[in-house]
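Morning, everyone. Have a look at the model first.

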Amino acid sequence: MENRPNFFHLHLISDSTGETLISAGRAASAQFKSAQPIEHVYPLIRNRKQLLTVLQAIDKEPGIVLYTIVDRELATLVDERCVEMGVASVNVLEPVLNAFQIYLGAPSRRRVGAQHVMNAGYFARIEALNFTMDHDDGQMPDDYNEADVVIIGISRTSKTPTSIYLANRGIKTANIPIVSGVPLPESLLAASRPLIVCLIATTDRISQVRENRVLGATSGFDRGDYTDRAAISEELKYARSICARHNWPMIDVTRRSIEETAAAIVALRPKLR
């Protein structure tokens with residue numbers, strides 16, 4: 001069997017920020033564990049001079065080229081030069097645009113960075129992010145009824161990163177820690193607008209994450225029952241009892257990424273409306 005290198009160069013060329021490409025490239029790369037990508041990201045490539053410089057860099061370190069360039073002339077240049085270099089290239093957006101054009105019976109505008117326009121949706125996301133940061137870790141409890149989602153859970157169940165991810169999708173999210181023996185705020189119990197969801201995980205997983213937290217803690221940090229599995233088990237039992245009492249859904253985040261947890265929360269919203 002031919003020996004292959006355990007890495008490869010992945011060139012990502014975008015006429016915008018490159019976020020779409022990075023996500024697509026990493027999603028595809030994750031399916032191949034035998035080799036790791038070395039990412040080369042080239043954002044805001046919008047003219048021939050910029051593109052030629054990028055193509056020279058690719059020629060020096062050939063690999064796979066993914067690009068999102070809406071200008072047809074520049075896209076054609078990428079394809080032609082990649083063929084000359086013997087490099088595989090894929091226009092990530094083109095098949096999607098073609099499908100839209102066929103179904104809608106209209107050509108696309110081919111406007112660079114159209115997804116980043118500062119419209120009402122953009123400002124809604126900014127508002128959601130500001131709300132979420134203000135309501136992190138139980139802050140400003142009087143405003144919970146203004147939230148779209150309230151996440152509860154014991155320490156180290158990824159409440160904050162999940163909240164921020166949802167906020168970036170325009171969902172105003174608050175998060176509240178569950179502490180054994182400490183009642184939740186009355187303002188939460190009285191809230192009628194938000195979806196309230198609890199994040200849980202296995203005792204082992206939470207203990208492992210908390211151990212890492214302790215290792216990075218400042219001197220004098222009192223670990224106490226923080227990493228003790230028996231104590232964590234009691235915390236989880238308390239969290240489950242709260243959810244059972246109020247009929248709030250729970251999501252086990254043990255084997256979920258932040259993105260998967262957020263997707264599960266989004267899926268719950270229409271079901272509970």
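Two strands count as paired if DSSP finds at least two bridges between them. Strands (E, at least two residues) and helices (H or I, at least four) are DSSP runs, numbered from the N terminus. This is a predicted model, where local features need pLDDT of at least 70, side-chain atom pairs count only at pLDDT 80 or more, and totals for chains, interfaces and linings use all residues. Residues are numbered from 1 along each chain as its sequence is written, and side-chain values use heavy atoms, without hydrogens and water.

Start with Leu-199 in S7. Its bridge partner in S8 is Ile-251. Gly-153 also has Leu-199 as its bridge partner in S7.

Now the pairings. S5 (residues 149–153) and S7 run parallel over five bridges. S7 and S8 (residues 250–252) are parallel too, over three bridges.

Step back to the sheet. It is open, with four strands in the order S6-S5-S7-S8. S6 (173–177) and S8 each have a single partner strand, so one side of each lacks a neighbour in the sheet.

Is S7 (residues 195–200) mostly covered or mostly open? Covered: six of its six residues are buried, meaning under 20% relative accessible area with a 1.4 Å probe, protein chains only. In a regular strand, side chains alternate between the two faces of the sheet. Here, Leu-195, Val-197 and Leu-199 are buried on one side of S7, and Ile-196, Cys-198 and Ile-200 on the other.

Notes: Buried means under 20% relative accessible area, exposed over 50%, partly exposed in between (1.4 Å probe, protein chains only).
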